[in-house]
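Biologist: I am new to this structure. Could you show me how to read it, one feature after another?

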Amino acid sequence: MLEPLRQGLPPLNLAAASDAASCALPARYEAVREARQFTRATLDQWDLSDHFDDVCLVVSELVTNALRHALPAGAPRMTPQDPPVRLHLLRWSERLVCAVRDPSDDSPVARDSDDFSAESGRGLFLVGSFSDGWGWHPLAGALSGKVVWALFRLPRPADRTGPGLV
C-alpha cells in the first residue's frame, strides 16, 4: 500500500510499523472534525502531540478532499457498516504517515493558483507545504478507490545514555 513512500528514503519495512490506527468516517462534512479528534487522541497516545498542528491541517485537507471530490453529489452513500472514507495513521521510529482511503478511482489534482486568498483549491498545496511529501495510488484487488497519503519525518529518538541515565 505504501510502496511510493520508499522514494528518496531509506527502506521502509511495513511489518516494523511501531503503531497504527485507523477510523472510519461517514459521508458528511462533520467527519472532518471527527478526523481531527481522532488524530489528536492518537498523536497524544503516541507522544507526538507536538506534531499535531501540521498533521491536523494535513488530515483535515485530505479528508475534506475525499468528501468533496471522491463522493459525487447524488451518488448512493454506503451503509454505516461500510463507510466511504477511512483515515489511517501509521508510525515508524522516524516517520508518520497519514493516509485517507476513498472510493473514487480519480487521481487527486493539485491546482496551480496564484490567488492565495481563494477559499478553495489549495488543499494539496497545503498538504505539500506542511508535510515532507505526499502522493496517491489506486487500491488493488477487489477494492476500488484510492489512497492519498502524506509523510512526516520525525526526529530521531534521543540517545538515552546520558549522565544519570542507564
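Modeller: We will take confidence, then the sheet, then the helices.

Biologist: Fine. What is the mean pLDDT of the protein chain?

Modeller: This is a predicted model, so start there. Where pLDDT is low, the predicted coordinates should not be read in detail. Here the chain has a mean pLDDT of 80, with 70% of its residues at 70 or more. Over residues 1-11 the value stays under 50. The model has 22 contacts beyond four places in sequence for that stretch.

Biologist: Where is confidence lowest, and where is it highest?

Modeller: H3 is lowest, with a mean of 91, and H1 is highest, at 97.

Biologist: Now the sheet. In what order do the strands form the open sheet?

Modeller: Follow the pairing from strand to strand. The 5 strands run in the order E1-E2-E3-E5-E4, with antiparallel pairing. From one strand to the next, the twist averages 15°.

Biologist: Which strands stand at the edges?

Modeller: E1 (19-25) and E4 (133-138) do. Each has a single partner strand, so one side of each has no neighbour in the sheet. The partner pairing of E1 with E2 (residues 85-91) is antiparallel and covers 7 bridges. Leu25 is bridged to Val85 in E2.

Biologist: Which strands does each helix lie across?

Modeller: H1 (residues 31-45) lies across E1, E2 and E3 (95-102), at about 165° to E1. H2 lies across E1, E2, E3 and E5 (146-153), at about 15° to E3.

Biologist: And how do I describe two helices that pack together?

Modeller: Two packed helices are described by the angle between their axes and the distance between the axes. Take H1 and H2: their axes come within 9 Å and cross at roughly 150°. The crossing is right-handed.

Biologist: Which residues of H1 and H2 meet?

Modeller: From H1, they include Ala31, Val32, Arg36 and Leu43. From H2, they include Phe52, Cys56, Val59 and Leu67. By class, this contact has 10 nonpolar, 3 polar and 2 charged residues.

Biologist: What about H2 and H3?

Modeller: The axes of H2 (residues 52-69) and H3 (residues 123-130) come within 9 Å and cross at roughly 150°. The two helices are therefore roughly antiparallel. Their crossing is left-handed. Among the contact residues are Leu57, Glu61 and Asn65 of H2, and Gly123, Leu126 and Phe130 of H3. The contact has 7 nonpolar, 2 polar and 2 charged residues.

Note on methods
Residues numbered from 1 in each chain as written. Predicted model: local features only at pLDDT ≥ 70, side-chain atom pairs only at ≥ 80, totals over all residues. Heavy atoms only, no water. Axes fitted to C-alpha atoms, helices over the stretch in contact; angles between N-to-C directions. Helix = DSSP H or I, 4+ residues; strand = E, 2+ residues; numbered from the N terminus. Parallel < 35°, antiparallel > 145°, perpendicular 65-115°, else oblique. Left-handed = near helix turned anticlockwise from the far one by under 90°. Contact = heavy atoms within 4.5 Å. Nonpolar A, V, L, I, M, F, W, Y, C, P; charged D, E, K, R; others polar. Pairing = 2+ DSSP bridges. pLDDT = per-residue confidence, 0-100.
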